[in-house]
Amino acid sequence: MVSTAKRTLDMSLLLGPDDEVPVAGRFSYRSDRPYEVEVAFISRGVTAATWVFARELLLGGVHDEVGEGDVRVWPQTAAGGRRRVHIELFSDDSVCELSVRAPELTAWLEQTAAIVPPGDEDRYLELDTHLARLLAGKC
C-alpha cells in the first residue's frame, strides 16, 4: 500500500529585493518513491510548473545551504525572527527563487519522515517493480 503526504503551502516567488508574488506550492510525497518530492507551483488556480527533486534537499535545506545544479535550498531568518526556507530552481533559460515559511515546511517534512524515515528509503523502494516497468516500456 502506498502512503502519501500532501500539503499546499503559501509561498512567495521572489522577483527582486522588495518584490514578491504569492504562489501556492502543492508538496507531495509517496512511499513508493521514497527519495523524491514533487512540488506543483500554482498561481491563480493554474499549475504553472511542477518540479520533482530529492526530499533530502528539503530536509537539509531547513538547517543549511544544500544543493548544486538545478536545485538549491537554504534557510534564512527574516526581519522579526521569521524563519523561511528558500528554494532556487534553475532551468535551461531561467532561474526562479521561492520562499516558504520554515515551520510549515518542517511540519510537512515530519509527515514524510513518519511515512519513510530519512535513511531508510532503500527499504521502501520497490526496485523489482520499477525495473519490470522500465523493461516493459511503461515508464
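1. Surface patch. Leu131, Leu134 and Leu135 make up a nonpolar patch on the surface, and together they have about 330 Å² of accessible area. The area comes from the Shrake-Rupley method with a 1.4 Å probe; for residues, only the protein chains shown count as cover. A patch takes residues with over 30% relative accessible area and no salt bridge, joining like charges within 9 Å and nonpolar side chains (Val, Leu, Ile, Met, Phe, Trp, Tyr) within 5 Å. Leu134 belongs to helix 4 (residues 127-135). Helices (H or I, at least four residues) and strands (E, at least two) are DSSP runs, numbered from the N terminus. With a relative accessible area of 53%, Leu134 is exposed. Here buried means under 20% relative accessible area, exposed over 50%, and partly exposed in between (1.4 Å probe, protein chains only).

2. Basis of the model. This is a predicted model: local features need pLDDT of at least 70, side-chain atom pairs count only at pLDDT 80 or more, and totals for chains, interfaces and linings use all residues. Residues are numbered from 1 along each chain as its sequence is written, and side-chain values use heavy atoms, with hydrogens and water left out.

3. Largest pocket. The largest pocket holds about 190 Å³ of space. A pocket is found on a 1 Å grid over the protein atoms alone, as an open set of points with protein on both sides within 12 Å along at least five of seven lines; a cavity is a set where a 1.4 Å probe fits but cannot get out, and lining residues have an atom within 4 Å of a point. Points are joined across faces, edges and corners, and the volume is the space filled by probe spheres set on them. The lining has 13 residues, with Leu13, Phe41, Ala49, Cys96 and Leu98 nearest the centre. Strand 2 (19-30), strand 3 (36-43), strand 4 (46-54) and strand 7 (95-101) each supply at least two lining residues. Strand 4 gives the most, three residues. By class, the lining has 10 nonpolar, three polar and no charged residues. Ala, Val, Leu, Ile, Met, Phe, Trp, Tyr, Cys and Pro count as nonpolar, Asp, Glu, Lys and Arg as charged, and the others, Gly among them, as polar.

4. Second largest pocket. This one holds about 150 Å³ of space. Its lining is Ser12, Leu14, Glu20, Gln76, Ala78, Arg82, Arg84, His86 and Ser99. Strand 1 (4-16) and strand 6 (83-90) each supply at least two of the lining residues. Two of the lining residues are nonpolar, four polar and three charged.

5. Backbone at Arg44. Most residues other than glycine have a negative phi. Arg44 is not a glycine, yet has a positive phi of about 55°. Arg44 sits in the loop between strand 3 and strand 4. Its relative accessibility is 85%, so Arg44 counts as exposed.

6. Salt bridges. The whole structure contains seven salt bridges. The criterion is a side-chain nitrogen of Lys or Arg within 4 Å of a carboxyl oxygen of Asp or Glu. One of them pairs Arg33 with Glu36, with the closest N and O atoms 3.6 Å apart. Arg33 is partly exposed at 34% relative accessibility, and Glu36 is partly exposed at 28%.

7. A buried pair. Arg55 and Glu121 meet in a salt bridge (2.8 Å, N to O). Arg55 lies in helix 1 (residues 55-61) and Glu121 in helix 3 (residues 121-124), so the pair ties together parts that are 66 residues apart in sequence. Arg55 is buried, at 1% relative accessible area. Glu121 also counts as buried, at 11%.

8. Arg72 and Glu88 form a salt bridge (2.4 Å, N to O). The two lie in distant parts of the chain, 16 residues apart: Arg72 in strand 5 (residues 71-77) and Glu88 in strand 6. Arg72 is partly exposed, at 23% relative accessible area, whereas Glu88 counts as buried at 11%. Elsewhere, salt bridges that share partners join Asp10, Arg101 and Glu104 into one network.

9. Contacts across the sequence. Tyr124 is in helix 3 and counts as partly exposed at 28% relative accessibility. Tyr124 and Arg33 are 91 residues apart along the chain, with their C-alpha atoms separated by 7.9 Å. Val39 lies in strand 3 and counts as buried at 1% relative accessibility. Val39 and Arg26 are 13 residues apart in sequence and 5.4 Å apart in space, C-alpha to C-alpha.
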